[in-house]
Amino acid sequence: MSARKLLAPLLLIGAIAPTSNADDALLNRYCLGCHMPSEQGLSRISEQRKTPEGWEMTISRMQLMHGLVIADEDGRSAAEIKSALVKHLADSQGLAPSETATARYLPERQPAVQEATLYPAHIQETCGRCHSSARHALQRRSAEEWQKSIHFHLGQYPSIEYSLYGRDREWLDIAVNQIIPEIAANFPLQTSAWSDWQATEKQSLSGSWQLAGDMPGKGRFVGTMAVTQDGDDHYYANFSGEFDNGERFTSRGESVVYTGYEWRGSFDIDGVEYRQVLAADESFNSMQGRLFQADHSELGVNLSAVRDSGQPILSAVWPEQLKVGGSATLTLHGANMAGAVALPAGVNVRSVERSGPSEWRAVVDVAANADTGRFAVSHGSATLDSGVALFNQVSAVTVLPDYSVARVGGNGGSQNKMFGAFTAYGTDYGSDGVAGGGDDIALGALPASWRVEPWDETAAHDQDVKFAGNMDATTGIFTPAAAGPNPERKQSTNNVGNLKVVATVNDGDRAVEGSAHMIATVQRWNNPPLR
Amino acid sequence: MFASHYRCGTLAGAALVAALAVASAGCGPSQPAATSKDYMVAVSRPNHLNVIDAETLEPVNRCDLPAHPAPGTIVMSPDNQVAYTLIGSFGEIYGLDIETCEVVFSANQSQGNERVRSIGAIAISPDGSEIYTHQNPTVMNSDHYQVQPTRVAVFNTADGIDAKAVRQFPAPRQVTIMKTGDDGTLYLGGPDVYAMDVSSGDYSTVIASRSIDDPQYSPRDVLTVWPIGDTSNEFIRMFSVVRFNGEPGDMDDSSFHWGYERIDLTTGEPTSTIFGPLEVVLFSGQTRPGRPEQMWAVLSHLKQFDVPTQTETRSLTLDHTYYCINFSTDGNTLYLSGALDDIVAYDADTLEKLGNVTLGGDMSMSTPRVIHRPIITSRL
């Protein structure tokens, strides 16, 4: 199977039409008829801006609900035509980088975002109870268009007025007169961010990139991407990387860039399909985002990428924390590194094991009386601010995500299991020994051993720990049990559970624990690109 | 106290055979054969209207419905011959003769580019000449939707196939159930409970619900799509509410309660009262025919409450959830239905399970009815 065939239609590879005239013709070809021409373009369509995923979902709705037919034509497959429509709309009516900044967790598929902390309760209750509130925060529309959205919702889903958070209030009146005016004011069609972005000259993302990040279950990550451009906004990338658990990979994949900065890559890594959702910044020299498994978006790496144009780059220091009075093997990852290595005071190099442009490794001793805190690390002219923490002790362990949901699956059903994936972070409370005393030191991610416990008495009584799934003691990855009723359980309930996730970090001969709350629950029956 | 008393011909299912010997002694061989009895009518997936002998729990007829079975709300003609079903994805009404399965009435509420949905709100006039629905209309333009004000629509049953609304009246939004009083008044369960004059369309609030502003109570939560209570001739819907026993809003000093909003359809008398403590979620409830002090409600439990003392008197944990509760016309047998595909009968005094019948398809949110009518010869 060719790499192209592996890609979901959303990724729109290889479908990019040469000129925008051709794409306007495409819009007219497929959308005219139901949508009327106006001065701005086609009715409704011209009054909205959104992400590529947002456009893809709208067009899918046109197909599913309204009978839009996109078929193979003129030597192009239906998927390619749809991709071209999405590409054209996202390019000409997309969002500026600053407009997506606060809601990137949605296309990045960050698994455990608690929107209740991001949106006010009245917005969450009205617009965040079926899908995420980021659905609207990642769109810009005219006020009239936002009102039309209410009519679509209520016309299509009359139950909205009758279900929880609907039946206890005058839903339509509140939506039309309170919620929509607020949303319309916050997310208007015309913004200076967008006109500035349209005026910005977009730059090619081809070249070499240095990547760093971390992934629950695998630890810290560094990698490189060699990107070559192949036509407008279409790229090939040789992607290689390693985790601090020792795993390494190389993969060749491809990517499409939307709206000048929305990088959507696709890679097959050791037989597993991965998606890369990155946003280039306004300099086109760095990208931020996430790499995740196509079928298990909860398993992913938060990534930052820096363009390698020959200058020295220091992208990661492993480990991120050094205990005073101890010794460790310290590795600096980067590109084009040369010159002297500058470590924090009190960190003394015992022996250098490796010194190359992309990796420097040494055994270091940390003086018992070294100052603690977070310090910069440099290699020649490349510096990583706060690159390493010197600490006395692990005072506390925080497990993130602190609240999350895992889902049963498999067992012949159509739904994948959704794993729980956790990371333990340490803090040294400093000389005052108390949290928040002003001298706390964030230690970053720490290796831990993992287990689950019942969250409360009911969970203990129902034996949730036994039935809900398995926690891998070394990776912190929780695998939920099989879907479907379990005859061994009271009233044959599903293998759901209310669990406490406990991480134990060893600090010398002390063991420090931290915990988080995880609900293992039933499947989610739809899994759209944007929830 | 709950000693079972045997009644002529009202036992059902498995218990029937065992009880027959005793029952026949009491009834005597000279008793004339009954010419009428209780039946249940229920909509089930994929597209069936089931007619069930409520005493034996044997199906006696099964008609194919001409449209998608949701929501499956039924109202019966006064002679209990025609079942008017709200089906067709909340949009169409079909009247079927429950003996012949003939479709004698139909109305597609959607007309032209206006799509109409009714949640569970369908009612019939006492003389059977008019059907009422509460309509949620949306105009579907070629590139946008336009939600329209809600209204009550009136259909003449005599118009037969492809009937069109003969009158329409503006009505509040968010109406889920409706029933008619013996005097023809149409009661609508929405934010409040309203009474509408079906000739003028004038309506007024008869039971305040959402519009109550009492700081000692939380707002009421009303969840219903089941216009039940036929055999007690009542309009009834339950609400849950928090009572603040100390300072208003102080959850630490509060209690959770079930209550009902009820209209006696014989007299038009409204009542709005708490009837018991809230311990588990319940979906539908009705008072027992002839015993208005007994309130019964169901979901994953069957519970009996004593209304005057606002206490729970009995509770039974069920093997699965049932959305709907119905009583036999004599008030002695309870039928639980809805949600999945079986209807189960209990003796209302002993809570003995009398039997059950499996329909072969889920009832989902449909509202089965218990009726009393001349005997139907089984068509199955």
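Over all chains, the structure holds 45 salt bridges, a salt bridge being a side-chain nitrogen of Lys or Arg within 4 Å of a carboxyl oxygen of Asp or Glu. The model is predicted, so that local features need pLDDT of at least 70 and side-chain atom pairs count only at pLDDT 80 or more, while totals for chains, interfaces and linings use all residues. Residues are numbered from 1 along each chain as its sequence is written, chains are lettered from A in the order in which they are written, and side-chain values use heavy atoms, with hydrogens and water left out.

One of these bridges joins A:Lys87 to A:Asp91, with the closest N and O atoms 2.6 Å apart. Both residues belong to helix α4 (residues 78-92) of chain A and stand 4 residues apart, about one turn of the helix; helices (H or I, at least four residues) and strands (E, at least two) are DSSP runs, numbered from the N terminus. A:Lys87 is buried at 4% relative accessible area, whereas A:Asp91 is partly exposed at 30%. Buried means under 20% relative accessible area, exposed over 50%, and partly exposed in between (1.4 Å probe, protein chains only).

A:Arg141 and A:Glu145 form a salt bridge at 3.7 Å, N to O. Here A:Arg141 is buried at 9%, and A:Glu145 is buried at 2%. In chain B, the side chains of B:Arg373 and B:Glu99 meet at 3.4 Å, N to O, in another salt bridge. This pair links distant parts of the chain, 274 residues apart: B:Arg373 is in strand β30 (residues 369-374), and B:Glu99 is in the loop between β6 (92-97) and β7 (103-108). B:Arg373 is buried, with 3% relative accessibility.

Salt bridges also cross between the chains, 3 of them linking chain A and chain B. In one, A:Glu161 meets B:Arg173 at 2.5 Å, N to O. On the side of chain A that touches chain B, α8 (143-156) and α9 (171-186) each supply at least two residues. The largest share, 6 residues, comes from α8(A).

Contact (heavy atoms within 4.5 Å) involves 23 residues of chain A and 22 of chain B. The two chains bury about 1900 Å² between them, 50% of it on carbon and sulfur atoms; buried area is the accessible area (1.4 Å probe) that two parts lose on being put together, summed over both. In chain A, the residues losing the most area to chain B are A:His151, A:Tyr162 and A:Arg167, together 36% of what that side buries.
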